[in-house]
Amino acid sequence: MNTETAPLRWEDLPQRLHDFAAERAWQPFHAPKNLASALIVEAGELLEHFQWLTEDQSRALAQPGTAKDAVAAEMADVLLYLVQLASALEVDLLDAAARKMVVNAAKYPVEKARGRAEDRKSTRLNSSHTDISRMPSSA
């Protein structure tokens, strides 16, 4: 079965990306620094689709069509580089996301954060700061 057209499962994605890069001898270029840089470039390309749009226009990108397809392609590029970076640094993304959600729940309790949109980086709704690196892994 051709792996480039086979259905993709989340748990197979890191290996599929590794194989894709290995077939092209790209491993020397996939240092974490380079992958992080490529991730940011792709995130910038994603952002270009939203530049100068109103909030309503940005929501309209959810409608089927060429614009949505272009945004989806950029989102995929961001995801693929993120997965490669996680693989290079041996980070379990789902575990890290689960732990980060616990941190965010502590930082932004519902009773204080509900309906508030102020800058969440500069205004802490909960003065205690929880470091994700100190949280136990769920793996």
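Predicted model: local features only at pLDDT ≥ 70, side-chain atom pairs only at ≥ 80, totals over all residues.
Helices here are DSSP runs of H or I at least four residues long, numbered from the N terminus.

View 1. Buried residues account for 19% of the 139 residues. Take the contacts between residues at least 6 apart in sequence: 56% of them link residues at least 24 apart.

**View 2. Here helix H1 crosses helix H4.** H1 covers residues 13–23 and H4 covers residues 66–88. Their axes come within 10 Å and cross at roughly 95 degrees, which means H1 sits roughly perpendicular to H4.

**View 3. Zoom in on the residues where H1 and H4 meet.** From H1 come Leu13, Pro14 and Leu17. Across from them, H4 brings Leu79, Leu80, Val83, Gln84 and Ser87. Sort this contact by class and you get six nonpolar residues, two polar ones and no charged ones.

**View 4. This one picks out the buried residues of H1.** They are Leu13, Leu17 and Ala21. Because they cover an arc of only 65 degrees around the axis, they end up on the same side of H1. An α-helix has 3.6 residues a turn, so residues three or four places apart point the same way. The buried residues of H1 pack against H4.

**View 5. Last stop, the residue after H1: alanine 25.** Alanine 25 follows H1 and has a positive phi, near 55 degrees.

Key. Residues numbered from 1 in each chain as written. Heavy atoms only, no water. Axes fitted to C-alpha atoms, helices over the stretch in contact; angles between N-to-C directions. Helix = DSSP H or I, 4+ residues; strand = E, 2+ residues; numbered from the N terminus. Parallel < 35°, antiparallel > 145°, perpendicular 65-115°, else oblique. Contact = heavy atoms within 4.5 Å. Nonpolar A, V, L, I, M, F, W, Y, C, P; charged D, E, K, R; others polar. Buried < 20%, exposed > 50% of the residue type's maximum accessible area, 1.4 Å probe, protein only. Arc of directions from axis to C-beta.
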